[in-house]
Amino acid sequence: MNDSTHEPPTELEDLIFRSLHGLTDEAESTALATQLASSSEARELFADHAMLHGLLATEAQAGAFAADREAFFAALENPPSSPNIIRIRRWWWLSAAAAMVIGLLSLTLLLLPNNATAALDQVMAALDRSVDCSYVIRVLDPGTDRQGGNPVEKPDRGRFPPSSFLDGARLHLRGSSQYVLEQALPDGNTRTLGSDGQSSWCIRGEGPVRTSTDPHHFGAGVLAGKQSTPFLELRTQLEDLRNFYQLEWFTPPAVPASSTPLKGLRGSRHSAAQGGPKEIELWFDPATGQIHRMVLNGLPRGGSGPASIALELTSTTPLPPDFFHHEAHHGPSRRIEVETTRPR
Amino acid sequence: MTAIESNTRPQGENPAQLEFTRLFVASQAAFQGFLLTLVHDRHAADDLVQELAGRLWVKFGDYERSRPFVAWGLGFARLLAFEWRRHQTRLPVPMDEQTLQALADVAAERSMASDDRHEALGHCLQHLTDHQRQVLQARYYKDQSVADIARQAQRTEMAVYKVLKRAHQQLLECMRINLASPTPP
């Protein structure tokens with residue numbers, strides 16, 4: 001088995017995993033074959049995953065094989081042929097059925113959704129509704145750079161301003177797939193980027209409008225060195241919170257803007273291997289599921305970007321229908337450039 | 001044969017059948033993983049495990065008890081997998097003979113330590129979240145596709161895929177730690 005530990009998932013690992021679950025297309029299969037042919041590490045990693053896949057499949061069928069030895073051997077003693085194989089498979093699965101029923105019943109009883117996961121489902125359902133919500137972003141901890149310095153004092157680093165410039169940024173959401181982020185930049189300009197769910201766009205100061213047919217294209221460029229921006233992918237964050245975090249209830253302090261007392265859910269990440277913020281805190285209205293405040297602590301930084309941020313609800317006033325299209329944010333004569341690669 | 005085996009053996013079964021069953025069941029995970037590494041298709045691997053059982057039973061009279069059963073069976077499994085690949089018009093992951101042999105060598109090495117892995121897996125499964133176990137059950141126990149699980153759980157396919165992938169990564173990491181330490185933590 002591979003000796004490496006605590007390594008982040010690699011593209012190869014993703015390819016292997018997808019292949020074993022029958023999710024790769026022809027080009028990906030060819031790419032995997034090329035890596036397997038050229039690298040012993042790739043073969044070892046592939047074998048590790050395939051063995052685990054096999055162990056899990058066997059574990060799922062545990063006990064079935066020896067359930068009816070007479071029938072099994074009666075089938076085996078005929079020359080192997082397709083009909084026999086099918087008959088054995090049928091027998092195998094039939095004999096496993098009783099164990100499955102018991103296992104699944106136990107599992108169902110064990111896994112009945114608790115209040116916390118049901119509440120998160122409600123919050124996700126609220127997020128999926130096409131209701132407009134506006135939030136202000138607060139940087140609670142800008143983090144320190146690799147040398148231990150405070151990035152607040154650093155000058156603008158190209159397309160990625162210091163994390164402190166995220167403080168005060170405005171995030172507008174419509175449902176879970178449309179957003180507009182307005183952020184002040186160190187040079188005095190504003191960067192506005194957004195997505196209408198089908199495509200994404202970015203406008204920096206008086207520069208051209210850059211657009212992409214990938215709805216996540218510009219969202220991936222908000223934080224230096226990151227493939228995604230957690231606060232632009234709230235749906236994914238909530239799904240991760242539901243699936244991968246240890247949840248606990250807490251009571252948030254009273255919020256004057258909210259007519260009903262808010263409920264609080266705090267999730268702690270089970271393991272660093274899972275990725276994502278170490279802790280997610282959610283303040284929401286139990287009647288509507290609307291998020292009033294969301295804190296992301298211990299964001300993955302890789303030496304840059306904020307360590308901790310909060311989103312605070314500022315308005316639920318409906319925005320103009322075209323607000324999430326770039327045309328609503330610039331004049332008609334602005335130059336438009338179509339991007340085909342991720343911004344660096 | 002021990003007294004317990006003698007007393008608990010159902011009437012009409014012969015000792016060879018019992019021995020074969022015991023050996024094959026103990027090695028099944030190793031064969032499954034080995035075949036999956038070479039054919040890259042779970043259902044094909046399931047079928048081949050069945051076919052392998054048939055071939056090994058026919059040849060069981062030749063089996064030398066001094067040799068590990070897994071090692072003996074893997075030789076047949078390798079031939080079976082190569083045979084299966086030759087008969088396919090389209091392979092999930094196409095590769096040349098040399099790569100396939102190299103992959104088979106790695107897989108055989110892993111399979112020989114299958115008992116330890118199986119034990120480590122049992123321990124590591126306990127460290128998954130309920131939701132991860134639920135998705136693994138649906139995928140492996142109920143044999144549901146990622147798309148089916150997503151539809152039933154009213155989640156996106158990507159979300160289900162991520163749950164599965166992270167569960168695998170956690171299990172592999174946990175198993176590495178377990179296999180590297182002299183006693184399970």
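Two residues are in contact if their C-beta atoms, placed from the backbone, lie within 7 Å. On that basis, select chain B: among its contacts between residues at least 6 apart in sequence, 68% join residues at least 24 apart. This is a predicted model, in which local features need pLDDT of at least 70 and side-chain atom pairs count only at pLDDT 80 or more, while totals for chains, interfaces and linings use all residues. Residues are numbered from 1 along each chain as its sequence is written, and chains are lettered from A and ligands numbered from 1 in the order in which they are written.

**Chain B overall**

Colour chain B by secondary structure. Of its 185 residues, 39% count as buried, that is, with 20 or more other C-beta atoms within 10 Å of their own, where 12 or fewer means exposed and anything in between partly exposed.

**B:Phe24**

Next select B:Phe24, in helix α2 (residues 15–39) of chain B. Is B:Phe24 buried or exposed? B:Phe24 is buried, because 22 other C-beta atoms lie within 10 Å. Leaving aside neighbours within four places in sequence, B:Phe24 is in contact with B:Ala53 and B:Leu56. Draw a distance from B:Phe24 to B:Leu56: these residues are 32 apart along the chain, and their C-alpha atoms are separated by 8.9 Å.

**Helices α8 and α9 of chain B**

Move to α8 (residues 146–153) and α9 (residues 157–180) of chain B, which pack at about 115 degrees with their axes 8 Å apart. Axes are lines fitted to C-alpha atoms, for helices over the stretch in contact, and angles run from 0 to 180 degrees between N-to-C directions. The pair therefore counts as roughly perpendicular (65 to 115 degrees; under 35 is roughly parallel, over 145 roughly antiparallel, the rest oblique). Show the side chains where they meet: residues of α8(B) including B:Val146 and B:Ile149 face residues of α9(B) including B:Tyr161 and B:Leu164.

**The sheet of chain A**

Now select chain A and find the open sheet of 12 strands, ordered β7-β8-β9-β10-β11-β1-β2-β3-β4-β5-β6-β12 with mixed pairing; two strands pair if DSSP finds at least two bridges between them. At the edges stand β7 (245–250) and β12 (336–338), each with a single partner strand, so one side of each has no neighbour in the sheet. Zoom in on β4 (residues 190–195) and β5 (residues 200–204) of chain A, antiparallel strands joined by five bridges. A:Thr192 has A:Ile203 in β5(A) as its bridge partner.

How values were computed:
Helix = DSSP H or I, 4+ residues; strand = E, 2+ residues; numbered from the N terminus.
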